[in-house]
Amino acid sequence: MTDLPIIVKGIMSVRDAKLAVKHNVPAIVLSNHGGRQLDGASSALEIAIKIYKKAPDVFKKTKVYAGGSARYGTDVLKLLALGVKAVGLGRPFMYSNVLGEEGVGRAIELLKREIVVDGANLGLGDIKDIDTRYVSALLGSKFAGLWSG
């Protein structure tokens, strides 16, 4: 019905990601829509880990983005390390907006600093160099079973 490229948002499974690739979708967004519908729904990070483990070619065949589930610099780095091209940021800016433009500006500065400091602590000289070599260090014990198991 259209010649426009379609980006599919709401990918929550390996199966859906593979279907999007099969239908030549140029990009997908891993998103549980803020967990508003199902509070136990997998996060974009959990979905990205599963896709990377079961169908890593998805990251090569289409652009993968993450919805607004990132809160901290390490969240951004984890997703980028798995191959996600861009990470949405929602709540930090929604909450900081209570303080207006100054609050949003401060939230941006804090997040930028977290990304730089956390990246430096990983040994990254340039964020463009991040890849799956850094995943284990970033995930820690919370996701260790999902990553290794």
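Helices, which are DSSP runs of H or I with at least four residues, and strands, which are runs of E with at least two, are numbered here from the N terminus. With that in place, let me begin with where the description comes from. This is a predicted model, in which local features need pLDDT of at least 70 and side-chain atom pairs count only at pLDDT 80 or more, while totals for chains, interfaces and linings use all residues. Residues are numbered from 1 along each chain as its sequence is written, and side-chain values use heavy atoms, with hydrogens and water left out.

Let me turn to the overall fold. The C-alpha trace spans about 45 × 35 × 30 Å along its principal axes. The radius of gyration is taken over C-alpha atoms, and the globule rule used for comparison is 2.2 Å times the number of residues to the power 0.38. For 149 residues a compact globule would come out near 15 Å, and the protein has 16 Å, which agrees.

Next, what lies inside and what lies outside. We call a residue buried under 20% relative accessible area, exposed over 50%, and partly exposed in between, using a 1.4 Å probe and protein chains only. By that rule 38% of the 149 residues count as buried.

In soluble globular proteins, nonpolar side chains tend to be buried together.

Contact, for us, means heavy atoms within 4.5 Å. Leaving aside neighbours within four places in sequence, Val84 is in contact with Leu30, Ala48, Phe59, Val64, Tyr65, Ala66 and Leu79. Helix H4 deserves a moment too: nine of its ten residues are buried, so H4 is largely enclosed by the rest of the structure. The buried residues of H4 include Asp75 and Lys78 as well as Leu77 and Leu80. Just after H4, Gly83 takes a positive phi of about 115°.

Asn24 lies in the loop between H1 and E2, where its phi is near 55°, a positive value in a residue other than glycine. Is Asn24 buried or exposed? Asn24 is exposed, with a relative accessible area of 66%. Ser31, by contrast, is found in the loop between E2 and H2 and is buried, at 6% relative accessible area. Not counting residues up to four places away in sequence, Ser31 touches Lys9, Gly10, Ile11, Met12 and Gly67. Pro56 lies in the loop between H2 and H3 and counts as partly exposed, at 34% relative accessibility. Gly103, which lies in helix H6, is buried at 8%.
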